[in-house]
Amino acid sequence: MDIHNLENARPFITKDGSEIRELLAHRNSAIRLQSLAEARLAVGLTTTAHYHRQTEEIYYILEGRGQMWLGMEMRAVGPGDAIAIPPGLVHQITNNGDEELRFLCCCAPGYEHEDTVLVE
């Protein structure tokens, strides 16, 4: 049985600049076709605009406020918002609130640096 607690998940920086703690993925569990991680973004920071060639993502906002840019659309996001991010669609998120932005990031297939394409 694979059960991993957030407190024990080692943080790392993704290619887009966000800090994530991978909870379940092929690297640490029996999960093979998706991944679940908690992402954190400090006040005032913005991830690098990027897209994924194959991966579809779901961001689920836990704490904080931000601006989500997805394709040609920008929207305010906050706790309880779930954001669908299809493969190939450029996206980035900004923490424009007054506390750390925390969100879950679900990826299928699971997150890999190699599938992330940065946009200048």
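**Cysteines, Thr14 and overall fold**

In general terms, a disulfide is a covalent bond between the sulfur atoms of two cysteines. Cys105 takes part in no disulfide. The nearest cysteine sulfur to Cys105 belongs to Cys107 and lies 3.7 Å away. Cys107 is likewise in no disulfide, with the sulfur of Cys105 as its nearest, 3.7 Å away. Cys105 has a relative accessibility of 10% and so counts as buried. Buried here means under 20% relative accessible area, exposed means over 50%, and partly exposed is in between (1.4 Å probe, protein chains only). Cys107 is also buried, because its relative accessibility is 2%.

Residues are numbered from 1 along each chain as its sequence is written. Because the model is predicted, local features need pLDDT of at least 70 and side-chain atom pairs count only at pLDDT 80 or more, while totals for chains, interfaces and linings use all residues; side-chain values use heavy atoms, with hydrogens and water left out.

The secondary structure consists of zero helices and 11 strands. Both element types are DSSP runs numbered from the N terminus: helices are H or I with at least four residues, strands are E with at least two. Along the sequence, the pattern reads β-β-β-β-β-β-β-β-β-β-β. The radius of gyration is 13 Å, close to the 14 Å from the globule rule for 120 residues, so the protein is as compact as a globular protein of that length. This radius is taken over C-alpha atoms, and the rule is 2.2 Å times the number of residues to the power 0.38. Along the principal axes, the C-alpha atoms fill a box of roughly 40 × 30 × 20 Å.

Of the 120 residues, 39% count as buried. Among contacts with a separation of 6 or more, 63% come from residues 24 or more positions apart. A contact means heavy atoms within 4.5 Å.

Thr14 sits in the loop between β1 (11-13) and β2 (19-24). Thr14 counts as buried because its relative accessibility is 7%. With residues up to four places away in sequence not counted, Thr14 touches Ile20, Tyr111 and His113. The side chains of Thr14 and Asp16 are joined by a polar contact of 2.4 Å. A polar contact is a pair of N or O atoms within 3.5 Å; within protein, one must be able to donate a hydrogen and the other to accept it, and residues adjacent in sequence count only if both atoms are side-chain atoms.

Methods:
Disulfide = S-S within 2.5 Å.
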